[in-house]
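Here is a brisk report on one protein model.

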Amino acid sequence: MNRNKLVIVGAGHVGSYVLADAMKLGLFAEIAVIDSDKDVAYGEALDQEHATALPYMTNTTVRAGDYSECADADIIICAAGPSMIKNEDDPMPDRAQLAAVNSEIIREVMAGITKYTKDAILIFITNPLDSMVYIAENEFDYPEGRIFGTGTMLDSARLRKVIATNYDIDPKSVTGYMMGEHGHTAFPVLSRLNIQGFREKELDQVFQGKTTLNREAVKEHVVKAAFDVLNGKGWTNAGVAQAAVTLAKSVMLDERSVHPVCTTLRGQYGYDGDVALSMPCIIGRNGVEKQLEIILDAQEMEWLHQSANYIKEAMKVAGTGKDSK
């Protein structure tokens with residue numbers, strides 16, 4: 001890693017936000033933008049190139065390009081394919097509905113990338129994320145650990161915000177995360193939740209929240225939060241883009257930060273190569289440096305199995321996974 005180069009695949013609502021956040025981060029000397037609509041890629045790149053002349057902006061070179069840009073990339077962030085859109089008839093649309101169309105797009109993207117590199121770290125955003133990560137990780141002979149998805153990073157931020165709002169404290173004082181699917185079956189690991197050392201069963205006694213902590217209610221509240229954004233402005237992009245850029249920073253600076261990202265399980269929780277979902281992982285220069293199999297309580301294990309089974313159904317639609325053959 002010596003060029004500090006980022007490639008962004010997909011320049012829609014999410015990809016354009018990734019580009020803007022990456023520019024502000026100031027870590028990349030070069031950023032290339034790839035999109036099936038070359039005019040959009042050109043326009044987004046040019047817009048950000050103009051911004052480099054403003055005070056306090058870094059002199060990042062930004063350009064539109066094709067997959068040959070991946071040859072010397074350090075990091076590739078993929079936001080290609082359609083995402084959820086506002087639907088008046090369905091206020092909580094399922095990301096899994098995108099499996100059929102986006103699976104083919106991800107296969108095209110991976111074919112384009114792997115023609116030029118198997119060295120870059122690949123960070124995926126495209127939904128349904130867990131199925132898309134599984135395809136990228138398992139169908140293209142890419143080195144293990146160098147592909148992962150944003151997973152439940154944003155879901156986890158929403159969890160911390162929900163808890164912090166209930167107890168009227170700074171969300172940065174909350175330690176907690178979601179696991180499983182990035183979608184309807186994501187679940188909070190409340191047995192490990194704490195506020196500066198005060199754990200789940202102590203919170204209502206110590207902080208006197210607006211409502212009593214209830215596991216099912218918290219789970220539902222966090223999952224619904226995404227659709228509050230979607231039904232408000234018609235799409236979601238800011239939070240997940242920031243999650244992707246945060247992961248990119250963890251890689252570039254070899255931070256070895258722990259984040260709940262999406263990867264294929266390799267024996268954890270009884271799953272071995274048959275499903276990808278989010279669990280805590282150490283993220284550093286080599287991508288996923290280590291998957292951290294934290295002990296879950298009985299209810300959390302039940303939620304995990306429900307989530308894994310749900311993901312496997314989406315994988316069948318995407319034409320991948322052991323059960324789809």
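Strands S13 (residues 272–284) and S14 (residues 287–291) run antiparallel and are joined by 4 bridges. Two strands pair if DSSP finds at least two bridges between them. Helices (H or I, at least four residues) and strands (E, at least two) are DSSP runs, numbered from the N terminus. A hairpin of 2 residues leads from S13 to S14. Ile283 has Val288, in S14, as its bridge partner.

This is a predicted model: local features need pLDDT of at least 70, side-chain atom pairs count only at pLDDT 80 or more, and totals for chains, interfaces and linings use all residues. Residues are numbered from 1 along each chain as its sequence is written, and side-chain values use heavy atoms, with hydrogens and water left out.

**Aromatic rings**

The whole structure holds 3 aromatic pairs. Rings of Phe, Tyr and Trp (its six-membered ring) pair if their centres lie within 6.5 Å; planes under 30 degrees apart count as stacked, over 60 as edge-to-face and the rest as tilted. Two of the pairs are set out here.

| Pair | Centre distance | Plane angle | Class |
|---|---|---|---|
| Phe187 and Trp303 | 6.1 Å | 45° | tilted |
| Phe198 and Phe207 | 5.7 Å | 90° | edge-to-face |

The Phe187 and Trp303 pair links distant parts of the chain. Phe187 is in strand S9 (residues 187–188), Trp303 in helix H9 (residues 298–317), and 116 residues separate them. Both residues, Phe187 and Trp303, are buried. Buried means under 20% relative accessible area, exposed over 50%, and partly exposed in between (1.4 Å probe, protein chains only).

Lys219 lies over its face, 5.7 Å from the ring centre. A charge sits over a ring if NZ of Lys or CZ of Arg is within 6 Å of the ring centre and within 35 degrees of the ring normal.

Phe198 and Phe207 belong to a cluster: ring pairs link them with Tyr167. Phe198 has 34% relative accessibility, so it counts as partly exposed. Phe207, at 22%, is also partly exposed.

**Cysteines**

How many disulfides does the structure hold? There are 0. A disulfide is a pair of cysteine sulfur atoms within 2.5 Å. Cys262 is in no disulfide, and its nearest cysteine sulfur, that of Cys281, is 9.0 Å away. Cys281 is likewise in no disulfide, with the sulfur of Cys262 as its nearest. Cys262 is buried, at 0% relative accessible area. Cys281 counts as buried too, at 0% relative accessibility.
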